[in-house]
Amino acid sequence: MDFNLNEELQLLQKTAREFAESELKKPAREMDEREEFNVEVFRKLASLGLAGLTVPERFGGSGFYESNLANQAACVVLEEINRVCASTGVTLSVHMSLFSSALNKWGSEELKARVLPKTASGEWIGAYCLSEAGAGSDAGSLSCAARKVGSEYVLNGSKLWITSAPYADVYLVMARTSNEHKTRGISAFIVERSRKGVVIGKKEKKMGIRGSATSEVLFEDCRIPASNLIGEEGKGFTIALDTLDGGRIGISAQAVGIARACLEDSIEYAKQREQFGKKIAEFQGVQWMLADMGVKLEAARLLMYRAAFLRDNGQPCAKEAAMAKLFASEMANKAAKDAVQIFGGNGYSKEYNVERYFRDAKITEIYEGTSQVQRIVVSRALIS
Ligand SMILES: Cc1cc2nc3c(=O)[nH]c(=O)nc-3n(C[C@H](O)[C@H](O)[C@H](O)COP(=O)(O)OP(=O)(O)OC[C@H]3O[C@@H](n4cnc5c(N)ncnc54)[C@H](O)[C@@H]3O)c2cc1C
């Protein structure tokens, strides 16, 4: 058993870390303050090959897919990016772990050749449209409809909470093709933003990941070629869930990245802030918070890499991905709470980053399945 990253992954880590340090720190604060995503920074990141990790080389990917390392590589990069900017982190996670990997696994060669080179290069940003106003945790009850008319499908309905919706160029959309069966009546489609009838609705005002736009997407008699169906008709819910296994590993990496930022900033602060004539790092009450953060961060990272390893090697990983996301997201929230505590009054101020980490961490317990949903997935696997 080897717990070290191989040479390629170490190099990738270095590239992502240097990019995050030099190019992302300032935009991270600005994006949060202005509630605006910086697409240019994303394209720069993509130009380093960091957006094509789940795409095969023949479609412009970075080569990790062929070495059965796509998800592990995504974890390496997502940890580094989320350590500095969770808004860019979630955009990248949805783009690679939800959009591109689903299209690569389930799409036709023609569709893959048309779309994947654009997402791998970052020319196009991908989004994932499952949730609706009435279908959140119970996503299988979705009602957005896709009706087959000749050689096309016509989409009608609306999707809610869609990450990257306003600046995405292409969407993976789960829509109902039959009312006879609940989840077996759902199919998955690739819908380009440029199609007539794609309308971007209200942008949510959010607590955290404020740099990432989250909006409604409406489909109004939106016609797409039947060839934009991925997988078979009726397979959409299976595709959505399978894709979420990879997505949850990506959100684990987001949580690990945020928690690492909390730990690193807390150590630095505790080593320079003095009270009672001592550095606060010398107080056991502070040391124990740091120790707990460090231990749980390592445990979350191991769960994350194990799930990523299984997925990269084609083994079932629904339970392991849910475990990783559940543990990492709850760990990140505790780390962020303790980081604010270690910073005292400064932790509550926008002068420091930990209040942003605190707000950003919360979403990891909600999207791509809440912590309650992860516990359902894990417990079902344990007792089945
Ligand atoms: C910032 C943000 C970005 C998002 N991005 C996307 C995206 O890109 N694409 C997309 O499709 N969706 C996205 N979502 C939607 C997200 O996945 C849903 O919000 C999430 O799945 C929860 O659904 P809900 O909000 O409808 O909550 P509900 O399902 O209404 O849940 C409310 C509460 O009830 C609990 N609950 C529900 N069912 C059960 C149960 N059976 N047992 C125990 N407790 C239960 C939940 O855990 C939660 O605590 C995003 C959401 C946010 C906030």
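Predicted model: local features only at pLDDT ≥ 70, side-chain atom pairs only at ≥ 80, totals over all residues.
**Ligand shell**

I looked up what sits around the ligand and got 21 residues, with Gly136, Ser137, Thr163, Thr370 and Gln372 the closest. By class I noted 11 nonpolar, 8 polar and 2 charged residues in that shell. Next I checked which elements supply it: strand E1 (126–129), strand E3 (152–163) and helix H10 (371–383) give at least two residues each. E3 has the largest share, with 3 residues.

**Domains**

Which domains does the shell around the ligand draw on? I found at least three residues from domain 2 (128–236) and at least three from domain 3 (238–383). The domain assignment also lists domain 1, covering 7–125.

I then turned to how domain 2 and domain 3 meet. Their centres, taken over C-alpha atoms, are 30 Å apart. In the contact, I have 12 residues of domain 2 against 9 residues of domain 3. The domain 2 side of that contact splits into 7 nonpolar, 4 polar and 1 charged residues.

**H7 against H8**

I moved on to helix packing, starting with helix H7 (residues 284–312) and H8. Their axes cross at roughly 155° and come within 9 Å of each other. Anything over 145 degrees counts as roughly antiparallel, so I wrote H7 and H8 down as roughly antiparallel. The crossing of H7 with H8 is left-handed. On the H7 side I listed contact residues including Val286, Met289, Met293, Leu297, Leu303 and Leu310; on the H8 side they include Met323, Phe327, Met331, Asp338 and Ile342. My class tally for this contact is 18 nonpolar, 1 polar and 4 charged residues.

**H8 against H9**

What angle do helix H8 (residues 318–342) and helix H9 (residues 354–362) make? I read about 160°, with the axes 9 Å apart. That makes this pair roughly antiparallel. I noted a left-handed crossing for H8 and H9. From H8, the residues I found in the contact are Ala332, Asn333, Ala336, Lys337, Ala339 and Val340. They meet Val354, Glu355, Tyr357, Phe358, Ala361 and Lys362 of H9. The classes here come to 8 nonpolar, 1 polar and 3 charged residues.

Definitions and conventions. Residues numbered from 1 in each chain as written. Axes fitted to C-alpha atoms, helices over the stretch in contact; angles between N-to-C directions. Helix = DSSP H or I, 4+ residues; strand = E, 2+ residues; numbered from the N terminus. Parallel < 35°, antiparallel > 145°, perpendicular 65-115°, else oblique. Left-handed = near helix turned anticlockwise from the far one by under 90°. Contact = placed C-beta atoms within 7 Å. Nonpolar A, V, L, I, M, F, W, Y, C, P; charged D, E, K, R; others polar. Near = placed C-beta within 6 Å. Domains from an automatic or database assignment.
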